[in-house]
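Student: I have a structure to go through. Please set each label against its definition.

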Amino acid sequence: MAAVLQVLPRLARAPLRPLLSGGAVVRLASGMALAEQAQQLFESAVGAVLPGPMLHRALSLDPGGGQLKVRDRSFQLRQNLYLVGFGKAVLGMAAAAEELLGQHLVQGVISVPKGIRAAMEHAGKEEMLLKPHSRVQVFEGAEDNLPDRDALRAALAIRQLAESLTADDLLLVLISGGGSALLPAPIPPVTLEEKQTLTKLLAARGANIQELNTIRKALSQLKGGGLAQAAYPAQVVSLILSDVVGDPVEVIASGPTVASVHNVQDCLHILNRYGLRAALPRSVKTVLAQADSDPHGPHTCGHVLNVIIGSNALALAEAQRQAEALGYRAVVLSAAMQGDVKSIARFYGLLAQVAGAHVTPAGAGASAAEDEQLWELATELQLPNPQLKEALEAVVGAGGPICLLAGGEPTVQLQGSGKGGRNQELALRVGVELGRRPLGPVDVLFLSGGTDGQDGPTEAAGAWVMPELASQATAEGLDVGAFLSHNDSHTFFRCFRGGVHLLHTGLTGTNVMDAHLLFLRPR
Ligand SMILES: Nc1ncnc2c1ncn2[C@@H]1O[C@H](COP(=O)(O)OP(=O)(O)OP(=O)(O)O)[C@@H](O)[C@H]1O
Ligand SMILES: O=C(O)[C@H](O)CO
């Protein structure tokens, strides 16, 4: 497989060459063509949300260079354009913005993860790097996605730049996932350490990103609209790469350019829910009490344009287009796949069984019971049932090869000390599910990949599986159940068939959560 992957275009930007011609499927041995297609489609999904394509879709300069167009809005340029940014994908976004805006850009400051420049250099991703004498100052910090002194210095430099702007200026704000940790500016007397401890405790007790960021906003000078306020009266345009299900601008990176709608009561409820209210540091109580009696009320953001420029849905839509070009009937089921990895794996197993029963003339494979279980599970996972049904009927009704796409962020309850990630664990579990179901005369393949190219603390982006996985593993003396019980999916895939099932893209420079692709092809 490694050899096959190496010949694939890196994060394909060119149109894909159809592998289905004249109705005849061009196949390699043991379903390899399917794996190759899956990898290609995953890469095309990622390609659609890379910084360059995203920025080019969102921004354009008029031919005279006097105006910047953002979607349908125009902004006058006269040496008044500034840039700030924070997030895991912001280095590449800033590089793309610099390329596009050229001399119009007066000054910028970005806060990006520690080591990202070296990593991009090492990966040979020149397009993700700023020019040698860039006007954009780069701060690296927030090791392990935790706010630290370096990120604090970056946040202060960003605030200083924002506060220096006038009503004639335009501030471009580049935002991506990981932005919260890269923009820490606690409201005194709360210290960085106190804020860090509180967010760590909340995360460890199971608070979701909405809850976590509600607290972060309440304790921050720049989150929850604070950055927009600091830049006032300059105009602000935020270009946002979403790493949160549903693309809520007030949650992504804690909405620094979105007025917060939460009040102190919301914060106290959250702190109560996770048993943290009683032990709050005095400083946090002080800041929350002040917010309650703030005569200015919440920040207003009338001078801001917030634009989502990249999302899981956009990435899936591109993969869907490319799947259709390859001759598949393709449908996006959901960009909001959330929940326990075990339930999601079961869902894909049932889906393959139910859909498989419809794509072959024999029509065997699923009973009414499986059909019912599938819809029950879809309800449990909060997938939109009517749309799901409609979409499935449309693709499977006509027969022929199908590709079902979804995305989001499953949850893994870690029980063991093994090495893995959400995507590899999901793929392994789906492999087991596929193996224990009658699927009829269809080739089935499932791929799960993290769009940032790194699944958990591993060097792989994810993995792909087929129904034969469990029996092949047994033949190799590998006990899938034992690997799963230790959350050791990466070790499994490294051993299994010499590691050919691992998806390796390297760091991609973007992040719109995970993509899941399920292929069914009648034999
Ligand atoms: N051994 C493991 N097996 C399965 N999942 C794991 C394992 N170790 C960590 N994880 C999962 O990996 C995730 C953290 O990895 P990762 O950095 O890829 O995700 P993230 O923090 O959501 O960041 P991003 O959104 O940038 O991908 C957590 O969801 C965690 O549960
Ligand atoms: O930075 C953050 O808050 C998370 O990545 C969600 O956007």
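Tutor: Start with a definition: helices (H or I, at least four residues) and strands (E, at least two) are DSSP runs, numbered from the N terminus. Asp 340 sits in strand E12, residues 329-340. This is a predicted model: local features need pLDDT of at least 70, side-chain atom pairs count only at pLDDT 80 or more, and totals for chains, interfaces and linings use all residues. Residues are numbered from 1 along each chain as its sequence is written, chains are lettered from A and ligands numbered from 1 in the order in which they are written, and side-chain values use heavy atoms, with hydrogens and water left out.

Student: Why is Asp 340 called partly exposed?

Tutor: Buried means under 20% relative accessible area, exposed over 50%, partly exposed in between (1.4 Å probe, protein chains only). Asp 340 has 27%, so it is partly exposed.

Student: Which residues is Asp 340 in contact with, leaving aside its neighbours within four places in sequence?

Tutor: Contact means heavy atoms within 4.5 Å. Thr 411 and Gln 413 meet that for Asp 340, once neighbours within four places are set aside. Ala 89 is 251 residues from Asp 340 in sequence, and their C-alpha atoms are 27 Å apart.

Student: What makes the chain as compact as a globular protein of its length?

Tutor: First, the secondary structure: 20 helices and 17 strands. The radius of gyration is 24 Å, close to the 24 Å that the globule rule gives for 523 residues, so the chain is as compact as a globular protein of that length. The radius is taken over C-alpha atoms, and the rule is 2.2 Å times the number of residues to the power 0.38. Along the principal axes, the C-alpha atoms fill a box of roughly 70 × 60 × 40 Å.

Student: How much of the chain counts as buried?

Tutor: By the cut-off, 57% of the 523 residues. Of contacts between residues at least 6 apart in sequence, 81% join residues at least 24 apart.

Student: Which residues come nearest to ligand 1?

Tutor: A residue is near a molecule or strand if one of its heavy atoms lies within 4 Å of it. Ligand 1 has 16 residues around it; Lys 88, Arg 422, Gly 456, Asn 487 and Asn 511 come nearest.

Student: How do you know that Lys 88 makes a polar contact with ligand 1?

Tutor: A polar contact is a pair of N or O atoms within 3.5 Å; within protein, one must be able to donate a hydrogen and the other to accept it, and residues adjacent in sequence count only if both atoms are side-chain atoms. A polar side-chain atom of Lys 88 is 2.8 Å from an oxygen atom of ligand 1. A backbone N or O atom of Gly 456 lies 3.0 Å from a ligand 1 oxygen atom. The protein covers 74% of the 620 Å² of accessible area that ligand 1 has on its own (Shrake-Rupley method, 1.4 Å probe; for residues, only the protein chains shown count as cover).

Student: What are the polar distances at ligand 2 for Ser 180, Asn 213 and Asp 243?

Tutor: The side chain of Ser 180 has an N or O atom 2.5 Å from an oxygen atom of ligand 2. For a polar side-chain atom of Asn 213 the distance to a ligand 2 oxygen is 2.9 Å. For one of Asp 243 it is 2.6 Å.

Student: Which element gives the largest share of the shell around ligand 2?

Tutor: H9, with three residues.
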